[in-house]
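Here is a friendly briefing on a single protein model. Have a look at the fold first, and then we can walk through the sheet, the cores and the charged pairs.

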Amino acid sequence: MTNTTTDTAALLLDLEAQRCDAMKHGDFARLREILHPGLTHVHAKGQTDDYESYFRSGGTHVDYHQVDRSDLQVTVLGEAALMTGRQQLVAVRKDGSGTVRIDSRVLQVWALHEGRWRQLAFQTTPLQMSVS
């Protein structure tokens, strides 16, 4: 890896940590900065959101208690990058209908947009999922 590629990978790992932190704290303003306006977000059950629908549905109906990433790998491809890894998520539904636990593999695409990196696509594939 070149220094530029290594620096970009480190920046993307930091942005991913910020994304997870913003989810846990319900910081939708920060999420709007991190997510790309052309976002495609595929949830664990297969439903798909774009940028606007993500903020109407995605994290607005749950309180995230845990969003932990591990085994992250970043491949930088010029002005785009691929990130893969594991995600452990625990979220409590605001309507009181249960706590969701998802252990999944995640594929993300990051892209340069107006001079900064933003998450363009997110696909989660659950390995284990439960609602209690």
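Are Glu16 and Arg69 buried or exposed? Both Glu16 and Arg69 are buried, where buried means under 20% relative accessible area, exposed over 50% and partly exposed in between, with a 1.4 Å probe and protein chains only. This is a predicted model, in which local features need pLDDT of at least 70 and side-chain atom pairs count only at pLDDT 80 or more, while totals for chains, interfaces and linings use all residues. Residues are numbered from 1 along each chain as its sequence is written, and side-chain values use heavy atoms, with hydrogens and water left out.

**The sheet**

- An open sheet is formed by 6 strands in the order 2-1-6-5-4-3, with mixed pairing. Helices (H or I, at least four residues) and strands (E, at least two) are DSSP runs numbered from the N terminus, and two strands pair if DSSP finds at least two bridges between them.
- Strand 2 (48-50) and strand 3 stand at the edges with a single partner strand each, so one side of each has no neighbour in the sheet.
- On average, neighbouring strands are turned by 15° against each other, direction ignored; the axes behind this are lines fitted to C-alpha atoms, for helices over the stretch in contact, and angles run from 0 to 180 degrees between N-to-C directions.
- Strand 1 and strand 6 (residues 116-131) run parallel and are joined by 4 bridges. Leu35 stands opposite Gln119 in strand 6.
- Strand 5 and strand 6 run antiparallel, with 14 bridges between them, and Arg101 has Ser130 in strand 6 as its bridge partner.
- The hairpin of strand 5 and strand 6 has 2 residues between the strands, and Glu114 takes a positive phi near 50° there.
- Strand 3 and strand 4 are also antiparallel, joined by 13 bridges. Opposite Val67 stands Leu89 in strand 4.

**The nonpolar cores**

- The largest nonpolar core has 17 residues, of which Met23, Tyr54, Tyr64 and Leu89 touch the most other members. Such a core is a set of buried Ala, Val, Leu, Ile, Met, Phe, Trp, Tyr and Cys residues joined through side-chain atoms within 4.5 Å.
- At least two residues of this core come from each of helix 1 (3-24), strand 1 (35-42), helix 3 (51-58), strand 3 (62-77), strand 4 (80-93) and strand 5 (99-113).
- Another core, of 10 residues, lies apart from it and includes Leu12, Leu15, Val74 and Ala81.

**The salt bridges**

- The structure holds 5 salt bridges, each being a side-chain nitrogen of Lys or Arg within 4 Å of a carboxyl oxygen of Asp or Glu.
- Glu16 pairs with Arg19 in a salt bridge whose closest N and O atoms are 2.7 Å apart. Because Glu16 and Arg19 are 3 residues apart in helix 1, about one helical turn separates them, and both are buried.
- Glu16 also meets Arg69 in a salt bridge (2.5 Å, N to O). This pair links distant parts of the chain, with Glu16 in helix 1 and Arg69 in strand 3, 53 residues apart.
- Glu52 and Arg32 form a salt bridge as well (3.7 Å, N to O). Glu52 lies in helix 3 and Arg32 in helix 2 (residues 28-34), so the pair ties together parts that are 20 residues apart in sequence.
- Glu52 is partly exposed, with a relative accessible area of 41%, and Arg32 counts as partly exposed at 31% relative accessibility.
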